[in-house]
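Let's take a walk through this structure together, one stop at a time. Have the sequence and the 3D view at hand.

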Amino acid sequence: MSVLVVEDDPGMAEILASALRARGHEVQVAATGRECLRMASLVEPDLVVLDLGLPDIDGADVCRQLRRWFLNPIVVLSADADEGRKVAALDGGADDYVTKPFSMPELLARLRVAARHRQAVAAALGPAAVTIGDLRIDTTAHTAAVDGRPLHLARKEFALLALLSRNSGRLFTHSELVAHLWGRPDAPKTEAVRGLVAQLRKKLGDGPARPQIVTDAGLGYRIVDAEGTAAEGAMAPAPQGSSSS
Ligand code: CA
């Protein structure tokens, strides 16, 4: 995994980084909230370990800001007395917290659990590569193309198209989309969703085999193929907790 460690105490940052590297993870370190936000958008780490006591931006705010687009696990580190901040971070979308001082095995175990949980969610979201008409979207390679022509999508445009395409035919309500894209169902982002959909439609363009993003008035959106049906390639997610062996 690639891990972004956000910690302003250089000694602590070094301990964390070397423990993670020793277990084969790729580690980047940020010492401030601003640096964290910048680096996270550059490297898109698989996991963020975030100290709540940062010199510039409060860790809980960093968490909230990250969650506007970042879907991978965030595990926060907090000092013992930080009950309020811990709660704020969890409300802001953190997956878990570890209280300082902690043992390294404890932290590593929490990170493993958070990563596993995230994988389960990703698996439930559907297949990584989907073809609908002449749209092909691959969420692992982070590419999308129509009729062989690559689409240049902003991060949230891609996230929205990926969600709709992996579940083609399924209606997503405004609040589901807001929760998926911004991490919280109550964020007032309906206008922003509308804007993203308009952008996506423009970028997708028209064509005989081009899928359509359909508006269900007052409810939300779904993607359908040119004939107006769910695509063959997009399947319903596997039943949760099922196992084939
Ligand atoms: Ca600190």
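**A guided tour**

Let's start with the aromatic rings: counting pairs of Phe, Tyr and Trp rings (Trp by its six-membered ring) whose centres lie within 6.5 Å, the total comes to zero. There is a charge over a ring, though: R170 sits over the face of F172, 4.0 Å from the ring centre. For that label, NZ of Lys or CZ of Arg has to be within 6 Å of the ring centre and within 35 degrees of the ring normal.

A quick word on the ground rules. This is a predicted model, in which local features need pLDDT of at least 70 and side-chain atom pairs count only at pLDDT 80 or more, while totals for chains, interfaces and linings use all residues. Residues are numbered from 1 along each chain as its sequence is written, and side-chain values use heavy atoms, with hydrogens and water left out.

Over in helix α3 you'll find C63, which is buried, with a relative accessible area of 0%. Leaving aside residues up to four places away in sequence, C63 touches L50, I74, A89, G92, G93 and A94; a contact means heavy atoms within 4.5 Å.

Now for two loops. D147, in the loop between β8 (143-146) and β9 (149-150), has a positive phi of about 50 degrees although it is not a glycine. D147 counts as exposed because its relative accessibility is 61%.

Last stop: how do the axes of α6 (155-166) and α8 (190-204) cross? They come within 10 Å and cross at roughly 80 degrees, so α6 is roughly perpendicular to α8, a label for angles from 65 to 115 degrees. The axes are lines fitted to C-alpha atoms over the stretch in contact, with angles running from 0 to 180 degrees between N-to-C directions. On the α6 side, the contact is made by K156, E157, L160 and L161, and on the α8 side by L196, V197, Q199, L200, K203 and L204.

Conventions: Rings of Phe, Tyr and Trp (its six-membered ring) pair if their centres lie within 6.5 Å; planes under 30 degrees apart count as stacked, over 60 as edge-to-face and the rest as tilted. Helices (H or I, at least four residues) and strands (E, at least two) are DSSP runs, numbered from the N terminus. Buried means under 20% relative accessible area, exposed over 50%, partly exposed in between (1.4 Å probe, protein chains only). Angles under 35 degrees count as roughly parallel, over 145 as roughly antiparallel, 65 to 115 as roughly perpendicular and the rest as oblique.
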